Amino acid sequence: MPASLLRELNSLLGTSNVLHNIEDLVLYEYDGSVEKARPDLVVFPHTTEDVSRIVKLAAKCDVPIVGRGSGTGLSGGALARGGGIMIVFARMNRILEIDLENARAVVQPGVVNLDITRAVEHAGLYFAPDPSSQKSCTIGGNVAENAGGPHTLAYGVTVNHVTALELVLPDGEIVRLGSKHGDAPGYDLCGLFVGSEGTLALVTEITVKLSRKAEAVKTLLAIFDAVDDASRTVAEITARGITPAACEMVDGWTLCAIEDYIQAGFPRDSAAILLIEVEGLREAVEAQATAVEDVCRTHHAREVRIAKDDRERDLLWKGRKNAFGALGRLAPSNYVLDGVIPRSKLPQALQQISQIGKKYGFSIGNIFHAGDGNLHPIVLYDPRDPQQFENAIAASREIIRYCVELGGALTGEHGVGMEKNELMPLLFSDADFDLMRRVHDAFNPDSSLNPGKIFPLSKGCGEIRVRKQAGALPAQV
Amino acid sequence: MTAAANLATRLEGILGAHRLITAEAELREYAIDGVVPCAIVRPASAQEVAEVVRFAITEKHTIIASGSRSKLELGMPPTRYDLALDMTALHDIAHFDPGDLTLSVDAGMPLCQLATVLGEKGQFLPLAVPCYETSTVAGALASGIDSTLRRIYGTARDFLIGAEFVDGKGALCKSGGRVVKNVTGYDLHKLLIGSLGTLAVITRLNFRTFTLPQAHGGHLACFSNLEGVSAYRDAIEKSGLPLANLETLSPEMVALTAAVLRETQEEFTTDLDAGKWWVYASYEGSEAVVPRIARDLQKLAHEAAAAPNAILDAASDAHLGGVLREAFDWLRWASPSAALFRIVSPQCQPANLADLLGVAHESSLRGALLVRAAAITYFVLLAENEDESALRAMENAAMRVFSLAAAGQGHAALLHAPNKLKSRVNVWGPKRADLGMMQRVKHSFDPQYIFAPGRFVGGI
């Protein structure tokens, strides 16, 4: 890293917006994943022009760049695998425009997801994608990873709610894509850039759709004595064509951890619960709730409760969204997996996950978006024990392979990042990689943006600027 | 041997004579804006598509893939058109899991046949596009044409979950998968939507399917002025009623619609008052929800002083909904010379709509508006002939429409225009700021520029 670069960045941004001491940098070598990679410099731009100038400086010195929101990602997407400059968007956190009439908001990437809803809820509107980390994750990170959440079952993931983007390309050029009202003629470039994990450009402004709050909502808590019954319930809800706003499953082991932490009102003696929310017009909600309850009872739910007021509903969701934190109290670390399967295959997938856990000596918790087949098995382990770490990785790979065998995919909402790039050949052929690489190179030809992500290094798709990091995952599929 | 005959001979060697057509009369049926291909190829598998593409790359020929050819006039005329790739022989359902509500279907499957298969399991694909009876699934997707169900189900980008296609290097590629939630790799399949075949040849598409609703309903509210329309639409938006479709017709559009209705059905139970603005709403859901929406619409229409304010009977609703779905098709032929714009703009603002009608008036052309859901307006300009003065009027009007759309932070494009007008006006409107980004995508998919050259935005 040239010394002149630090001087120029200090001059450009001011010393309060540049970190270079090791004790500061170690705070940015983590995200929510099991990976680690330390940047050489961390900078905090305030404007798009700042970002453009930083990128130009980096390009001049041939230094890689990675963008970062609040670092809640779970696939290592916001880690500096190639070292270099980390651009943290925490200080680009202004809501630039709210257009209630057309249900749009224009925001900077560092705006926290939930803050968009807070800014418009007085008008009966909200921002639909709701990751569990929505109190802290940023919209820029959501765009990079195409984040989801419980309510994306009915309303779609981030890409379904983005109509325009402002980007900074690796040469510092500022470009705008899409249009405020959506659906402009031309290629769906927003559809490409959302979910590209920061490997094509840095996003500096986002125009999002706002959704109108439903007239009525009912939240059902269905309690089961057998996991199999709960998973068969989900499969039948899907097969009957009932589309709840959310359909979450939590297993009994995880429920106890949540109750110890939050006291959300979950049963401690059940095998699994389903948290199912239906919303819409009053008449539709009544009919859907009745239909859901019927399916639950058909599959031997021992009890189906309906939250009687907003307080009880909020408490149930608080329990669900803080589950990862609750499990964090049980072990030094946990590994939250993210795989997707066809929803009709849920019962067999859960059985297989349990068997894989036994094989490697782990109790694997399950708390996930059952309605869209998005599994989140959680492996608790001690990273200080190298064997446990290796076993956790091996178990996770076996689970993800099984998802693919069932006709599923590697990731439903966390992204590939540096967690699953070596697993990509399970799904994609050389021809697929060749095309993805050409698209990558069309925007990021020198791999200066977020190197070492998405593409498998073991297939020769990596870049020379990726340096070996201590603790990096072994590159075997 | 002529160049065309030589080309035919070599293609026969690849796919056999039975998959090759060179008869002059048939070639003309595949013409785009008067540009006729040299040969038509009908591959029966993705591998055969890839072979033809590799042949075209080697021989430096261009390819335009098509399905039922109902919307080939979208975009600009191709700058070169050697091979027509007729995809209708790829028409199987590769995978349909009703329990998972997922579908994988070949490019050439007609939408109406697909609807029959899905309907047997109580499901459907919400692609209610014009030329529905003939359109193929990939043709509908690649054309980017609007579905009248987009208000409630979104556009294809909201339910397309994966695709297989042959890229411009002749390789069979895929993107996405067959699960409803998936962020593995770049979402390249989304780029194919509305790309007019300029990036790749689609061979298979994966979709999320939907459950057929129990019941449907339709409501018609008529207003004597645009202010009433605006008040009514605003009230609907604020009510949060989950309408499947919401369309506003200007009085001239009502007259055109009424003519089509009369042509296709002797009776339409609601008075066809052509001097008024119409707002047509359709809705669907459970047996309990549909009457509730109907009641609410009647109340909102009454408060906005609509007259008539009518719930349509099932037959009239289906008929009107079907006619409006086909509007793109019949508006093209509503006069000897028609220019049909698709404008993306803020919601139905009276001033914006009045400005558009003002363009027609100033140009001495008939103008009619169809405001669709989700900020889409169809605006047609009709001339009684194709003479120079009509063309000049249309050309000037087109420039005004493009500039009005841009002023409202929107976009306009011509979905249909006479060939002579296309030689004067770029149907995609003024040069776009993101054209360079689109060119990068085009080059990465199709480095030899063999797919549908010249048809797309910015000459892509």
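B:Ala39 stands opposite B:Leu83 in strand E4 of chain B. Strand E2 (residues 39–41) and strand E4 (residues 83–86) of chain B run parallel and are joined by three bridges; two strands pair if DSSP finds at least two bridges between them. Helices (H or I, at least four residues) and strands (E, at least two) are DSSP runs, numbered from the N terminus. This is a predicted model, in which local features need pLDDT of at least 70, side-chain atom pairs count only at pLDDT 80 or more, and totals for chains, interfaces and linings use all residues. Residues are numbered from 1 along each chain as its sequence is written, while chains are lettered from A and ligands numbered from 1 in the order in which they are written.

**The sheet in chain B**
- Four strands of chain B form an open sheet with mixed pairing, in the order E1-E2-E4-E3.
- Strand E1 (20–21) and strand E3 (63–66) of chain B stand at the edges with a single partner strand each, so one side of each has no neighbour in the sheet.
- Helix H1 (residues 3–15) of chain B packs on the sheet and touches E1 and E2 of chain B, its direction making about 10° with that of E2(B). Contact requires C-beta atoms, placed from the backbone, within 7 Å. Axes are lines fitted to C-alpha atoms, for helices over the stretch in contact, and angles run from 0 to 180 degrees between N-to-C directions.
- Helix H3 (residues 46–59) of chain B also packs on the sheet, touching E2, E3 and E4 of chain B, and its direction makes about 170° with that of E4(B).

**Helix H8 of chain B**
- Helix H8 (residues 226–239) of chain B has 14 residues and reaches 20 Å from its first C-alpha to its last, close to the 20 Å expected at 1.5 Å a residue; the expected span is 1.5 Å times one less than the number of residues.
- Among the buried residues of H8(B) are B:Leu226, B:Tyr232 and B:Ile236. A residue is buried if 20 or more other C-beta atoms lie within 10 Å of its own.
- Strand E12 (215–223) and helix H13 (350–362) of chain B are among the elements that cover these buried residues.
- Just after H8(B), B:Gly240 takes a positive phi of about 75°.

**The contact between the chains**
- The contact takes 66 residues from chain A and 61 residues from chain B.
- H16(B) gives the most to the side of chain B that touches chain A, with six residues.

Notes
Two residues are in contact if their C-beta atoms, placed from the backbone, lie within 7 Å. A residue is buried if 20 or more other C-beta atoms lie within 10 Å of its own, exposed if 12 or fewer, and partly exposed in between; C-beta atoms are placed from the backbone.
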